[in-house]
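Me: I've got a model open and want to go through its pockets. Can you walk me through them?

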Amino acid sequence: MNDPMRMHKHDAATAALREKIFEYARVRMELDPPPLDGSASWADLRAAMPDTVTEDGIGGDKALELFGDVLAPATMSIDHPGQVSFIPTAPSEASILFDLIVSASSVFGGSWLEGAGAVYAENEVLKFLAREAGMPESAGGVFVQGGTNGNLSALVAARFDAMHKREEAGLPRPARWRVAASEEAHSSIAHAARVMDVDVIKIPVGDDGRLYGAAVEEALAGEWDGVFAIVATGGTTNYGIVDDIASITAVAHAHDVWVHVDGAYGVAAMLAPSTKKHFAGLGDVDSFIVDPHKWLYAPLDACALVYRHPAIGRAAHTQHASYLDVLTDTTEWNPSDFAVHLSRRARGLPLWFSMATYGVGAYRDAIEWNNQLAQRIAQVIRDSDHLELVRDPMLSVVVFRRKGWTQEQYSDWSDRMYQEEIAACFPSKHRGEPVLRFAIVNPRTTFELLMELVERLKED
Ligand SMILES: *Cc1c(COP(=O)(O)O)cnc(C)c1O
């Protein structure tokens, strides 16, 4: 047997590798802009890469070299200013830096016993978000991996609450548990329903794309049995439309039903002066999520899940086992108790450090700046002859059409912009027709860059 300690030595080789890694990170952080990079076929990568996972390894220098030369260029930089597809991300400088410290610190973020300091700091951010939403000081929650887990965990808590209430009232279980959401709700809601084996009631939105309480009332038409939650979307992924949270909550609460707001992308906009109004009523809902990796300038991957009554989240999610009792039989705040997870990275810390570094005012300004850019470019599109706005942007997603273009023309154009490393602006669909989208969450995305795209859309 070779030296079994060889992975854990503080020797000269480790020190040299450490410096190389820091240097790589430093150079990557200084790229302005980073290359757009991205995608290669499996066959291309197979041809370019030697076997790396071998009995003896290839050494850190070689592995780092392959990462830099082959793998990184085949991985999109989603912080590139021209990255306006899907919902990209643009982590702040401080949040990226602190992510390195989180990695180096071996934090177990699942329990207060093991992670008190880290959990305290994460909770400061959750309290801030809850307060900003208008929730009472007693609100709280946890950072989970992403919006999908956040939505699932909130809905599990909602059903637990409904089940508990029925048991208390001596009522039997309903034939089927049901969750209602707008037809524009994110795919993760349907996925959560599949995991939970519950039915989804899809409710039509108004002409403005928003879900209203009256539509919920009408769609359920008195048939509320088994409905344990209404999901309102706080900024749809495709259009950035915010449902009418206040009227939905009024209707749901009149029927004693949980309201969850899926704000993975959009709830960040409650921080900005021009868009705060869209989130009226958020303080009265039972749970909401917002992904720091979408529009709160934090690195992947993190979702803040906030409960109005954290005790319900805890009752629904605490895992019980003899080996866990020392962790869970406490009144301390154990992040594992609030979602479908146990071991966890303290993934809220990069956001905490960044907020502490710059102040939340910097967040308000950056989000407002993104909003204003969306409004400005929307006006350009309205005024142009070759483009047509699909709808007025509520937040920072601008959806529009190039008049007279076929799907193929959209695809060719978007391939060109991508090959030229100008932008990743891939066509999306609106009612079956191709459209383009600018999803603006990066403060480095400029008006000039978007104008260049608008101009280039005149090409055939
Ligand atoms: C992105 C998104 C999700 C899913 O979040 P992940 O972090 O990707 O799991 C859910 N809902 C909405 C509205 C989103 O935009």
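Reply: Helix 1 (12-30), helix 3 (60-71) and helix 4 (93-104) each give at least two residues to the lining of the largest pocket. Helices here are DSSP runs of H or I, at least four residues, numbered from the N terminus. It's a predicted model, where local features need pLDDT of at least 70, side-chain atom pairs count only at pLDDT 80 or more, and totals for chains, interfaces and linings use all residues. Residues are numbered from 1 along each chain as its sequence is written, and side-chain values use heavy atoms, with hydrogens and water left out.

Me: Which helix has the largest share of that lining?

Reply: Helix 1, with six residues.

Me: And what lies nearest the centre of the largest pocket?

Reply: Y24, R28, M29, D79 and I96, out of 31 lining residues. A pocket is an open set of points on a 1 Å grid over the protein atoms alone where a 1.4 Å probe fits, with protein on both sides within 12 Å along at least five of seven lines; lining residues have an atom within 4 Å of a point.

Me: Where does the largest pocket lie relative to the domains?

Reply: Domain 1 (6-30 + 39-75) and domain 2 (99-358) both contribute lining residues, so the pocket lies between them. Those bounds come from an automatic or database domain assignment.

Me: Switching over, what lines the second largest pocket?

Reply: 14 residues, with R6, M7, T14, L17 and G60 nearest its centre. Helix 1 has the largest share of this lining too, with four residues.
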